[in-house]
Amino acid sequence: MKQWHKDIVAYQIYPKSFCDTNGDGIGDIKGIIGKLDYLKSLGINTVWLSPCYPSPGDDNGYDISDYRGIASEYGTLDEFKEMLDGMHSRGIKLLMDLVVNHTSDEHEWFVQSRSSKDNPYRDYYIWRDPVDDHEPNEWVAAFGGSAWEYDELTGQYYLHLFSKKQPDLNWENPKVRQEIADMINYWLDMGVDGFRCDVINNISKDFTRAYAGGNGPRLHEYLHELHVKALEPHGAFTVGETWGLTPAQALDLTSEERGELTTTFQFEHLLLGRVNGDKFDPEPVDRKAFVDILAKWEYGLSEDSYPVLVMENHDQPRALSRFGDKNYPYESATMLASLLYGMRGVIFIYQGQELGLHDPIFNSLDEYRDIETLNAYRDLKSLGKFSDEELLRKMQFGSRDCGRTPIPWTTEKEGGFTNGTPWIKTQVDKGYTVEEQDGDEKSVLNFYRRLLSVRRSTACMGDGRFELLLNDGKTSVYTRTLDGETVYVVTRFDENECVMPECVPTDAKVILNNYDSFGNTLKPYQSVWLKK
């Protein structure tokens, strides 16, 4: 792995909710340009930009109608290039979102594909004849309902693992793979530094399975081909969104010898607190399992294969609402950051996470915008088992919209995000704006700045070996060790005090602490880094 890949501290921007400069209620590229110095001050060195391509917006930009353009609501290609230059001049690299499992049904390829069975683009997508006048198989889409949509014009079904407006590309077709490689080269030649690869392990389908998606028989072949044709010649970084992987499978995808992806996200710890992983069915979080899972991935990947340290993104509610304590908002927000970002790996921070934002309150279904949430509400309501009040509580717990409300920059109306009407409700709580936290030494924002600075200046926090010394579900201790230098990361994941664990040396020096003091006891949600 290249050194700059290993040193990534990435900040995910969800452009629609970042900063609006023209008053249309939608964030834009000029808004990002205006906040580049803020990003630099945070201590990040990479931005992951969620899709800003032209799109009908059925899935908030993950239904792309033109892979080589910029959506007009976000700005122009010239503005994009200005933003890219502004990032590079500040030492910040840019990762774009690579969404190539599917396109929008309004992409020209699909418009042509569905026009007739003999159209040259027909085989760009996956079409099947009906079976006994029904869908080709029983695959279910991620957003509910069948994964097959019948098309009256040609009498066949097309596959969509997500929305019916997101038809899946046929990666068996070499022309599709070449189109994708050419598109990747287009952005890399422009100066983009890499990609976050959306649901990338779905691009190869296994139709012998009873369930849809995930790690089909030609996945490694397809990824290696992209690596050779586009990614490796540019030294590009890639991180795969790959749900359901084991560490061994992640190693296969990220081994340098195989030449596929640089690294992959793992989300196993984010499935906790959900009954059978169902995001709309909450249960108490197993805090011991939370740390054990993180440790499993630390141990399970090789020295050359870095874990990705992630706690939030645009598909998740706020971590503080799920894993924190509302009675200790600052302490639990900083504890979670300290616990996770003390580990070995590539760091990803989601916009607003550095402020300790919690889930907003949605008072009615009308306030939601997310297709997954709206479909889930419809499907659960059809069961007749839940009241409307119960359904709203479920949506409040699991909706992707919880992480998509605009960044509160100031205490002004709409948090300074826009001077118009925001596309989704804003939530501006006292003490949670950038304006307030920037000048407050004891804020989550300034703790993130200190954490990233300490991590950057402490050699063993980069390549140091990880060892878990203690995890009882309330207190954890792990070490990072390199060349005789050791840092102890001590975390209290509980609202009660406890005595300092015996495995922590008494003569170690505090280099990071989310409390003002440190002694023989750990306070509620205290987390300390100690160097020896």
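I began with helix α4 (residues 77-89), which lies across β2 and β3 (93-98) and runs at about 135° to β3. Contact here means heavy atoms within 4.5 Å. Axes are lines fitted to C-alpha atoms, for helices over the stretch in contact, and angles run from 0 to 180 degrees between N-to-C directions. Helices (H or I, at least four residues) and strands (E, at least two) are DSSP runs, numbered from the N terminus.

I noted the ground rules next. This is a predicted model, where local features need pLDDT of at least 70, side-chain atom pairs count only at pLDDT 80 or more, and totals for chains, interfaces and linings use all residues. Residues are numbered from 1 along each chain as its sequence is written, and side-chain values use heavy atoms, with hydrogens and water left out.

**The eight-stranded sheet**

I traced the strand order of an open sheet of eight strands: β9-β8-β7-β3-β2-β1-β11-β10, with parallel pairing. The edges are β9 (263-264) and β10 (308-309); each has a single partner strand, so one side of each lacks a neighbour in the sheet. I counted two strands as paired if DSSP finds at least two bridges between them.

I then looked at β1 (residues 9-13). Four bridges pair it in the parallel sense with β2 (residues 46-49). Four bridges also pair β1 with β11, again parallel. A10 has a bridge partner on each of these strands: T46 in β2 and F348 in β11.

How many residues of β11 (residues 346-350) are buried? Five of its five are, so I wrote it down as mostly covered. Buried means under 20% relative accessible area, exposed over 50%, partly exposed in between (1.4 Å probe, protein chains only). In a regular strand the side chains alternate between the two faces of the sheet. I found V346, F348 and Y350 buried on one side of β11, and I347 and I349 buried on the other. Two bridges join β11 to β10, and the two run parallel. There, L309 stands opposite I347.

**Helix α6 and its partner**

I moved to α6 (residues 174-190). This helix lies across β3 and β7 (194-197), at about 135° to β7. Two packed helices are described by the angle between their axes and the distance between the axes. For α6 and α7 (residues 219-234), I read an angle of about 20° and axes 9 Å apart. The two are therefore roughly parallel to each other (angles under 35 degrees count as such). I listed some residues that meet: I180, I184 and L188 are among those in α6, and Y222, L226 and H234 are among those in α7. By class, this contact has eight nonpolar, three polar and four charged residues. Ala, Val, Leu, Ile, Met, Phe, Trp, Tyr, Cys and Pro count as nonpolar, Asp, Glu, Lys and Arg as charged, and the others, Gly among them, as polar.

**Helices α12 and α13**

I checked α12 (residues 371-382) against α13 (residues 388-398). Their axes come within 10 Å and cross at roughly 145°. T373, A376, Y377, L380 and K381 of α12 make the contact with D388, L391, L392, K394 and M395 of α13. These residues divide into six nonpolar, one polar and three charged.

**Strand β18**

My last stop was β18 (residues 527-531), mostly covered, with four of its five residues buried. Five bridges join β14 (residues 485-492) to β18, antiparallel. Four bridges pair β16 (residues 509-513) with β18, also antiparallel. Which residues stand opposite K531 in β18? I found V487 and K509.

Methods. Parallel < 35°, antiparallel > 145°, perpendicular 65-115°, else oblique.
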